[in-house]
Amino acid sequence: MSFEKLFNHSALKALRYLTSLLLALLVVAIFAEGIQAADSFSVSSSDSAILDKKQGTVRLIGSVSIVQKTTGSTLKADEIFLRRNRLSGKLVYAKATKFVEALLIQKKTATQSLSTRKTKVFCNEAVFDKDKSTAYLEGNVLVVSYDMRMTAEKLRYDLKEENGVITNLPGKKVVFLFSKERKPSQGFLPEKPDQQGLVEGKASEIRFSESLNKLVLQGNVTLYDHDEEASFASEKADLFF
């Protein structure tokens, strides 16, 4: 495989990864909006739930779990804070903190050719802020599906501009793995997967724009295909889809 083919193949994998990533970034927003429909979600907490009707806020404390009944998607955290607009009743802010774990299940529909896809997200904090048009995951971020695994420190997404950035701690790179061979039935991609069909990548920063269909990897970008023993290295790589 030539370096160009390796790069193009990895770009296609990155697009699939990006789709999962954007959904993962917005998982708090999706859950929070859905909480208003009591028939679609179940909410539980082991310690307490503090409701302030005057301020339009709810604070759930202690092993909080929110489950979407229709899909089985789940959001767990030690604490979740929600705030609604007092006039419209719509949720405008949500924050999940301390050992945040989300399982996003995308069910197959009649118009989809892909089978059910599951994405797991782990982080220390997840925030959705509608007034500021932002959503972010921060602190020991791990996003993993059956064919992708990514580690970073922060993922930030602008809801209005439909773009975002993925970064790690200073001096560290965002690390991602793509598997060309795995199927959904094989479960989540492990931390040390088989090298067959594996593409590894690193970059100091990843920027993406959903509206422009553009993904930018920058800062000592490297890609390596284990099957072909082929590598690609550049200071910056722009991908358009």
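Helices (H or I, at least four residues) and strands (E, at least two) are DSSP runs, numbered from the N terminus. This is a predicted model: local features need pLDDT of at least 70, side-chain atom pairs count only at pLDDT 80 or more, and totals for chains, interfaces and linings use all residues. Residues are numbered from 1 along each chain as its sequence is written, and side-chain values use heavy atoms, with hydrogens and water left out.

Q: In which strand is Lys-98 placed?
A: Lys-98 is not a glycine, yet its phi is positive, at about 65°. Its place is within residues 91-106, which form strand 5.

Q: Is Lys-98 buried, partly exposed or exposed?
A: Buried means under 20% relative accessible area, exposed over 50%, and partly exposed in between (1.4 Å probe, protein chains only). Lys-98 has 49% relative accessibility, so it counts as partly exposed.

Q: What is the phi of Asn-220?
A: Asn-220 lies in strand 13, residues 214-225. It is partly exposed, with a relative accessible area of 44%. Although Asn-220 is not a glycine, its phi is positive, about 50°.

Q: Is Val-174 buried or exposed?
A: Val-174 sits in strand 10, residues 174-179. Contact means heavy atoms within 4.5 Å. Not counting residues up to four places away in sequence, Val-174 touches several residues, among them Met-150, Ile-166 and Ile-206. Its relative accessibility is 0%, so Val-174 counts as buried.

Q: How many Å apart in space are Val-174 and Lys-154?
A: In sequence, Val-174 and Lys-154 are 20 residues apart. In space, C-alpha to C-alpha, Val-174 and Lys-154 are apart by 9.5 Å.
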